[in-house]
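Subject: Structure for your files

Hello,

The structure I promised is below. My notes on it follow.

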Amino acid sequence: MKSKKTYSTDYHDYVIKDGRLVGQFEEMYVHSAEVPWHQDSQSDWLDVRLGCELMADAAPFDFMLDFAMGLGYYVETLASRLGSSSTIVAGLDVSETACLRGKERFPRIRCDAFDLAVEPGSREVPPAAVLPEGTARPLYALRATIWYLVPFLEKAIANMAGAIRRGDFFLLSQNFPPLDSEFVGKEEIPGPERLLEYFSPHFEVERSMWVRHHLSRGNDNWLIARLRRR
Ligand SMILES: C[S@@+](CC[C@H](N)C(=O)[O-])C[C@H]1O[C@@H](n2cnc3c(N)ncnc32)[C@H](O)[C@@H]1O
């Protein structure tokens with residue numbers, strides 16, 4: 001008799017394990033026993049509040065899109081703080097299950113499954129990321145996702161840039177482990193300045209913040225940057 005395959009219910013097992021990137025996000029959303037990364041309880045995190053402050057003078061935005069929205073909590077938070085009642089809220093994610101669950105939780109979200117690893121220009125921009133007619137002031141965002149994109153970071157950034165018009169805003173928010181520790185992705189991105197350099201062919205940095213947590217050995221140091229599409 002064939003033995004039934006068992007799946008871990010610990011979301012960490014699908015992300016980074018034993019010092020290497022696993023990156024099985026669809027399986028993670030299907031099998032995880034808890035909300036991965038506790039996305040549902042981050043709306044008051046410092047980086048989220050600071051990101052909103054950084055964008056406040058350019059608000060209200062009438063379209064918001066998170067390029068790796070997970071379950072949609074972050075983009076909904078942005079929309080509630082930087083949007084208006086008519087703001088169109090959208091997201092992409094590599095996981096179909098994340099998109100479906102995000103839509104269940106937040107029915108107004110437009111979401112499509114999309115892998116930022118695809119060859120730039122090889123696919124149509126997914127419908128959720130197409131700027132709807134009549135919207136003029138979009139805000140695009142990517143938060144807490146860079147370490148999963150490292151093996152194809154230039155492609156991922158080109159894919160995001162391909163969906164954004166010249167001059168439009170992009171809010172980048174990324175946490176780092178202590179820079180003096182060993183971490184997956186350090187070779188490519190040893191610190192925040194290097195990450196901004198990856199974006200520089202397509203985006204200009206308007207303002208950025210590097211917020212260190214001096215007492216934590218966790219992923220608690222944040223780069224928050226307000227970029228504009230070149
Ligand atoms: C830590 S979660 C962040 C979710 C949300 N942005 C937030 O801040 O709450 C990272 C998300 O990136 C997605 N992701 C990972 N690799 C991706 C890829 N290649 N293309 C698109 N999304 C990806 C994962 O499925 C996951 O939902």
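Helices and strands here are DSSP runs, a helix having at least four residues and a strand at least two, and both kinds are numbered from the N terminus. On that basis Phe199 belongs to helix H7. Please keep in mind that this is a predicted model.

Phe199 counts as buried because it has 20 C-beta neighbours inside 10 Å, and 20 is the number at which a residue is called buried. Leaving aside residues up to four places away in sequence, Phe199 touches Ile157, Leu172 and Leu227. Its C-alpha atom is separated by 11 Å from that of Lys155, 44 residues apart along the chain.

Ile157 is one of the buried residues of helix H6 (residues 153-162), together with Leu153, Ala156, Asn159 and Met160. Seen down the axis of H6, these buried residues fall within an arc of 155 degrees, so they line one face of the helix. They pack against strand E6 (138-143), H5 and helix H7 (192-199).

The ligand

The ligand is surrounded by 21 residues, and the closest are Phe25, Ala68, Gly70, Tyr74 and Val94. Two elements give two or more residues to this shell: helix H3 (73-82) and helix H5 (146-149). By class, the shell has 13 nonpolar, 4 polar and 4 charged residues.

The nonpolar core

The largest nonpolar core has 59 residues, of which Met64, Ala90, Leu139, Tyr140 and Met160 touch the most other members. H3 gives the most to this core, with 6 residues. As for Leu139, its contacts are Met55, Phe61, Met64, Leu78, Leu82, Phe169 and Leu171, again not counting residues up to four places away in sequence.

Strands

Met64 is part of strand E3 (residues 63-66), where Met64 and Asp66 point one way and Phe63 and Leu65 the other way, and all are buried. E3 and strand E4 (residues 88-93) run parallel and are joined by 4 bridges. Leu65 has Ala90 as its bridge partner in E4.

Strand E9 (residues 221-229) has 7 of its 9 residues buried, so it is largely enclosed by the rest of the structure.

In helix H2 (residues 46-55) the buried residues are Asp47, Val48, Gly51 and Met55. Seen down the axis of H2, they fall within an arc of 100 degrees, so they line one face of the helix. The buried residues of H2 pack against H3, E6, E7 and E9. Leu46 and Glu53 are exposed, on the face of H2 turned away from its buried side.

Trp45 is found in the loop between helix H1 (25-31) and H2. Trp45 counts as partly exposed because it has 18 C-beta neighbours inside 10 Å. The C-alpha atoms of Trp45 and Ala156, 111 residues apart along the chain, are separated by 26 Å.

Backbone points to check

Most residues other than glycine have a negative phi, and most peptide bonds are trans.

- His38 is not a glycine, yet has a positive phi of about 55 degrees. His38 is in the loop between H1 and H2, and is exposed, with 10 other C-beta atoms within 10 Å.
- Ala144 has a positive phi of about 60 degrees, although it is not a glycine either. Ala144 lies in the loop between E6 and H5, and its 19 C-beta neighbours inside 10 Å make it partly exposed.
- The peptide bond from Ala59 to Pro60 is cis, with omega near 5 degrees. Pro60 is found in the loop between H2 and E3.

Regards

Methods:
Residues numbered from 1 in each chain as written. Predicted model: local features only at pLDDT ≥ 70, side-chain atom pairs only at ≥ 80, totals over all residues. Near = placed C-beta within 6 Å. Nonpolar A, V, L, I, M, F, W, Y, C, P; charged D, E, K, R; others polar. Core = buried A, V, L, I, M, F, W, Y, C linked by C-beta atoms within 7 Å. Buried ≥ 20, exposed ≤ 12 C-beta atoms within 10 Å, placed from the backbone. Contact = placed C-beta atoms within 7 Å. Arc of directions from axis to C-beta. Pairing = 2+ DSSP bridges.
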